[in-house]
Structures are given as structure tokens and as C-alpha cells.
Amino acid sequence: GLEVQMRHRPVLDPGFLPAVLWNRAYHARVRATGGSVELGIALVRQDGTTFTHKTRILPPTAAHSELNRKYVERLVKLLLWQKGGCTILIKGCDPVARMLAAAYTEKGLRSFDRDLVGRRMFGQFIEVKAVRGKLPPAHETSQPLGRHLDGCRIGFDLGGSDRKCAAVVDGKVVFSDEVVWNPYFEKDPFYHFQGINDTLRRAAAHLPRIDGIGGSAAGVYVNNEPRVGSLYRGIAEPDFDRHIRGIFHALRSWWGGVPFDVVNDGEVTALAGSMSMKANAVLGYSMGTSVAAGYVTPDGNITSWLNELAFVPIDYRDDAPADEWSGDIGCGVQYFSQQAVNRLLPASGIEVPAEMPIAERLVQVHKLMAEGDPRARKIYETIGTCYGYAIAHYAEYYDIQNMLVLGRVTSGEGGEVILAGAQQVLKAEFPALAD
């Protein structure tokens, strides 16, 4: 094992093992050990988009195999959910390539990712290959999306319980609207087309013409196509492929081919934060039902990355809590969402009826916090400490100069406690980052 020293322990979750500190201990071991090996990793999509990453690992001997396995498997998991791809190329260590290939088989440890990121998002099951020659060069795009406030524009947002829209003329909102809908269990794809089109019509009625349409929605969007999204969970896969994948291309045609962009709601949040702060290199992070994130580069662009930080591991202990959807352990959703609040209830001593839904449990904790209950405060303190270490981990893979933190979990005084706890960790352990 590795000796990991940490200055702050989460009060209700003392076994927490921060990924950032474990990785630093691993890198220190690599530097102190002769014969370390350079490892090259590339994630490739079918359209040629390629992300590359270089690192060093311990010599690939039996004595180091467990540390190398943990380091590389967790790193690739992070890169996969941060960037996205369906072919993973490994250069420099065949045993590591074989270990990863086994993890990403149909019955392997990462079968969930193999299917969801590979097949559902990028069109083929994830494949891991060892590379003898050179890795392909990095090839990625970013776009200066949004920031256009001139002319007559429509903005819309698709949530799980409502559709929102705004009609905007030269940056001024002339009409806004919110309509209740219930897409989650809807089996008919035309429910979605008609609902979104109805929202666009409402906004268009207040504009003399339309110069552009921009939308945000929960889920993964690649080239204006939904690939995975909770909004469409009721739709059978053949209907999804036939009618939902191209829904925004169809809507664009319906509206005369005007510029029409739809992206993940996390990206839009980061973009809005960047515009309101007049700053770039922004990581937007929402703690709600799950975790949503978005990123604006130092150049002020949004990327084609996934930024699905709910699935990124931030706790490296061997018995970390498991996510009930992916089955993986130690991932962000269990620490920074309403599921995290629910998970910490027993340790806090707060009792709730077994049949109480998770969303209502969060409301209950908010209420207790507002009443000054120390048990509720400990839940937020725990989340804050874990978050400080998670931010430092994210900062190894994102250039972050500004952060925007929001979501239901952060409302009220609890949110202040979370941010204060995170700041405390950053100041004590990562002073350069805290600045």
C-alpha cells in the first residue's frame, strides 16, 4: 500500500481516501523507484476526435502490479468520463493494456462504461488496444458557443419537470415561459418533438424574426444529438435511435435551418457563469439529484468533452460507497448530490421514515440546518471537506481559475458550510490552488 497523509478528515466519513493525495503518494513512489515506465493513453472517437495523456508508472513487476492497476484503471475511468471515446489505446506497457482490456469486456469490471460511453454515446463498445508504434496525435475541437446577444433569439431549457424558454431581442428578454411536462416515462418520441416545438412557438410569437435558437438539457449531447439522457429514459432504444437522435436536426429544418445548438445543461451553466463573471477557465458544478458539470476553456470556448463528473472517482479506499447505477465505487455522485446527503444520514444521527423519498430527505436536512441543528451541519461539513479534495483532483486535469458551484444541495446555509469546508482544505493542503 501507500502512506497517505491528510490534514482534514470528513467528520462523518473518516475513511475517505482522497484520489488527489493517493495519486501524489503514487507519483512520489514512481520518482523514488528505478526503472519506471512512460505510459501513453489515447481515447479515440469514431469521428477521429482524439484525446491523449502521458504519465509514468512503476516498473511492471509482480510487486507493483496492484498499485499500477489501481492507478491506471482509475485514471482511465476519469479520462473516459471527462473526455469520452470508444477506443482506448495504450502505449508502453502491454500488461497494463491487458488488464484494462479485461476490465472493459462484457462481463468485466467496467461493462457499464463499455456499453454506456462506448455503444450508446459513441457508436461502438469500448475496445482497449496495445500500441507498438506512435499514439495518434491529439485532435479535438472547441467552439465559441453562445455569447451572442444581438438580434432576435430563442433560448430554451429542457428539465425533467418543466420546459423553459425565453425570447430575446438584442440581449433583452421580451418574453419568458415555463410549461410543466413529464417526459421521464413517456414512450412516444413525438411527445418530445411536439413539446419542444410548442415551447419554441410560444417564444417565436413574440419575435419579428428568428436569428438563432439555443437550448440546454440534461444528458450527453454530441454534435447536437442526444446520446444518453434521463429525459428519454421511457423511450425504447430503436425509437430513440430512429426519432430522438436526430430530433434537433429535425427541429432545425422545421424552423427554416436557422443556427440551432443544443448542449448539456452543465456546459450552459459554465458558459453563463463565464459571461456573468467576465472570466474564463470556469468549471461549473451542480450538486442536485446527481452531479452535473461543464467547462469553459481559458480561451472562453466550450469543448466536445463529456464532463460527466458524477462518474469520476474521487475516493480511493477499497470499500468506498458504490453508485447504484454504474456499480462503481468512490464516484462523485455519492459525495456531492442528494444521494450524498442521504448516505450520511445514519452517521449524523438524523432519523427519517424509511418510505420518505430522497428529495424530501434533503428538504428535511435543509430545515434542520436552518434551525441550527448540529447534526445537519456535520453533513454539510463532511461534503465540504470531501469537495476540497475533489477540487484539487479535478484541477490536475482541468485548468481551473474560477468555479461556479450551485444545485439544490448547496441552497441555504448548508451551501456556505460546504464552500467554507472546501476552502479550508484547499488552504491547508493546496495553497497555490486556494489562491
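Where does P59 lie? Select it and you land in the loop between β2 and α2. Keep in mind as you click around that this is a predicted model.

**Stop one: P59.** Colour by accessibility and P59 comes up as buried, with a relative accessible area of 11%. Now show what surrounds it: leaving out residues up to four places away in sequence, P59 touches T33, G34, G35, S36, V37, H64 and N68. Pick G34 from that set and draw a distance: its C-alpha atom is separated from that of P59 by 7.8 Å, although the two residues are 25 apart along the chain.

**Stop two: the sheet.** Next, select the strands. You'll find an open sheet of four, in the order β2-β1-β3-β4, with mixed pairing. Look at the edges: β2 and β4 stand there with a single partner strand each, so one side of each has no neighbour in the sheet. From one strand to the next, the twist averages 20°. Zoom in on β1 and β3, which run antiparallel and are joined by five bridges. Pick out A42 here, and you'll see L89 of β3 standing opposite.

**Stop three: α3.** Now bring up residues 94–103, helix α3. The helix lies across β1, β2, β3 and β4, and runs at about 170° to β4. Show the side chains of V96, A97, L100 and A103, which are buried. Look down the axis of α3: these buried residues fall within an arc of 120°, so they line one face of the helix.

Terms used: Residues are numbered from 1 along each chain as its sequence is written. This is a predicted model: local features need pLDDT of at least 70, side-chain atom pairs count only at pLDDT 80 or more; totals for chains, interfaces and linings use all residues. Side-chain values use heavy atoms; hydrogens and water are left out. Buried means under 20% relative accessible area, exposed over 50%, partly exposed in between (1.4 Å probe, protein chains only). Helices (H or I, at least four residues) and strands (E, at least two) are DSSP runs, numbered from the N terminus. The arc is that of the directions from the helix axis to the C-beta atoms. Contact means heavy atoms within 4.5 Å. Two strands pair if DSSP finds at least two bridges between them. Axes are lines fitted to C-alpha atoms, for helices over the stretch in contact, and angles run from 0 to 180 degrees between N-to-C directions.
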